[in-house]
Amino acid sequence: MSEQQSKRWITLNDMPLAATDRLDHPAAADTIRRVTAAPASPPAESLPAERVVRVALPGHAYDVTVRHGLLAAAGAAVRAAVPGAVKAVVIHDLNVPAAAVEGLVGSLRSSGLEPLAVPYPASEANKSWDWAGRLLDPILRARVDRRTPVVALGGGVTGDVAGFVAATLLRGVPFVQVPTSLLAMVDASVGGKTGVNHPAGKNLVGAFHQPVAVLIDPAVLGTLPDRELRGGLAECVKHDLIRDAAGFERFERDVGRALALDLDYLAELVAHNVAIKARVVEADPFERGERAHLNFGHTFGHAIETVSDYGYSHGESVALGMVAAVGVSARLGLLDEPGRRRVLAAIAAAGLPTGGLSLDVDAVVAAMAFDKKVAAGRLRFVLLDGIGKAVVRDDVPADLVRAAVEGLR
Ligand SMILES: NC(=O)c1ccc[n+]([C@@H]2O[C@H](COP(=O)([O-])OP(=O)(O)OC[C@H]3O[C@@H](n4cnc5c(N)ncnc54)[C@H](O)[C@@H]3O)[C@@H](O)[C@H]2O)c1
Ligand SMILES: [Zn+2]
């Protein structure tokens, strides 16, 4: 761990729990109800809260719990989510600090489970069929059974691979997500998509396998590289833009607190974004309709990511993609000019690019046609019909698409 990283690391155990925020939805819409605990020694309002977002899918409901110090208390949560388990497998990203791995593994052990820690060098290149197989070897040798949970501790890459391992191991074992990147917390850990890359393309092999629990400890964000933090913020901007105008206003006001690693704010931000993603996924668990709204900024974004050969990170590409998409929305008269400017300002305030694209425009436009979300030969775009409301259009004229990419230069 670098010196800068270790300075930002916050002891996982140092934040007590006394208040519970519970968000049940869809009923509770967007407000997180604060349930203050019974009399606690320090005043309840000075203590960090727990926030629980229920994800209610047909035949499968689970909680996403956000709480300071949760990592070191994960054992009890895993036991509760997987009654009857004797062992527990932890697939952990090698970039996650040892203290976090030990906190989680130690907590599983103290709760009476037999943990098996399987290290994984997370990277897009290692998000592969080959690595899924290599992870399965020690797990099968450990004679796990169908009640043995697979716990993913890491970013989205680790969650996707470990989820795929959980989906295929003994034809499916319980899966627990402990996401450690902001992107994994607000996006990859909700929705049940698992999988690996293939030489033919990203995420082409996989399965839907919902977790039984998602446990989020914002303190782990203390060691996340800044660029990764900003990348996660791109998905947060996206969520508010497609669903929540009031959330967007709060983001405009408070994004600086996220960049300053204010953990209380990050906990609130994560719970808010999990709730938005959960609502979209609940409405469309198998991605047949409105879940497409989550691709806002991604049709342009994937093309930028590919043409730059991943020189632009996913978050940076999506940021530019959202700028292009609001450009198209404005040109079609769906979004007014002040609205467009607000979106650009919020993206910039999150430390993400809004212009300066140095790629060949033709190459980017050509790459969009290969996006796997093309329906029946027509390019579909998610646009904004005002801030907070997404619409899908498949009638965007080609010259507008080109102009939007040119506008990113
Ligand atoms: N399943 C889904 O619905 C879904 C949704 C969105 C993205 N994804 C997938 O998620 C992946 C991207 O996720 P990501 O951005 O988390 O990438 P990642 O897992 O590669 O994590 C980013 C980097 O941060 C490191 N890291 C993670 N947590 C850390 C921590 N706490 N401290 C220090 N370093 C840490 C990782 O090792 C990696 O180098 C992509 O493969 C994408 O396809 C999946
Ligand atoms: Zn994304």
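**Entry 1: strand E8 and its partners**

I looked up valine 176 and found it opposite alanine 213 in E11. E8 and strand E11 (residues 213–216) pair in the parallel sense over 2 bridges; I take strands as paired if DSSP finds at least two bridges between them. Strands (E, at least two residues) and helices (H or I, at least four) are DSSP runs, numbered from the N terminus.

The model is predicted: local features need pLDDT of at least 70, side-chain atom pairs count only at pLDDT 80 or more, and totals for chains, interfaces and linings use all residues. Residues are numbered from 1 along each chain as its sequence is written, while chains are lettered from A and ligands numbered from 1 in the order in which they are written.

I then turned to strand E7 (residues 150–154), which runs parallel to E8 and is joined to it by 5 bridges. Leucine 153 stands opposite valine 178 in E8. From E7 the chain crosses through helix H5 (residues 156–168) to E8, and this β-α-β crossover is right-handed; that is, with the strands pointing away from the viewer, the path from the first strand over the helix to the second runs clockwise.

Next I checked burial. I call a residue buried if 20 or more other C-beta atoms lie within 10 Å of its own, exposed if 12 or fewer, and partly exposed in between, with C-beta atoms placed from the backbone. Strand E8 (residues 175–179) has 5 of its 5 residues buried, so it is largely enclosed by the rest of the structure. In a regular strand the side chains alternate between the two faces of the sheet. Both faces of E8 are covered, with Phe175, Gln177 and Pro179 buried on one side and Val176 and Val178 on the other.

**Entry 2: the loop between H5 and E8**

I noted leucine 170 in the loop between H5 and E8; its phi is near 50°, a positive value in a residue other than glycine. Leucine 170 counts as partly exposed because it has 13 C-beta neighbours inside 10 Å. Arginine 171 lies in the loop between H5 and E8 and has a positive phi of about 65°. With 7 C-beta neighbours inside 10 Å, arginine 171 counts as exposed. Most residues other than glycine have a negative phi.

At least three residues come from each of domain 1 (3–223) and domain 2 (225–409); the domain bounds come from an automatic or database domain assignment.

Contacts require C-beta atoms, placed from the backbone, within 7 Å. Not counting residues up to four places away in sequence, valine 150 touches Val89, Ile91, Ala162, Val165, Ala166, Leu169, Val173 and Phe175.

**Entry 3: helix H11 and the whole chain**

I checked helix H11 (residues 314–331): 16 of its 18 residues are buried, so it is largely enclosed by the rest of the structure. Just after H11, glycine 333 takes a positive phi of about 80°.

For the protein as a whole I recorded 14 helices and 13 strands. Of its 409 residues, 49% count as buried.

Methods: Two residues are in contact if their C-beta atoms, placed from the backbone, lie within 7 Å.
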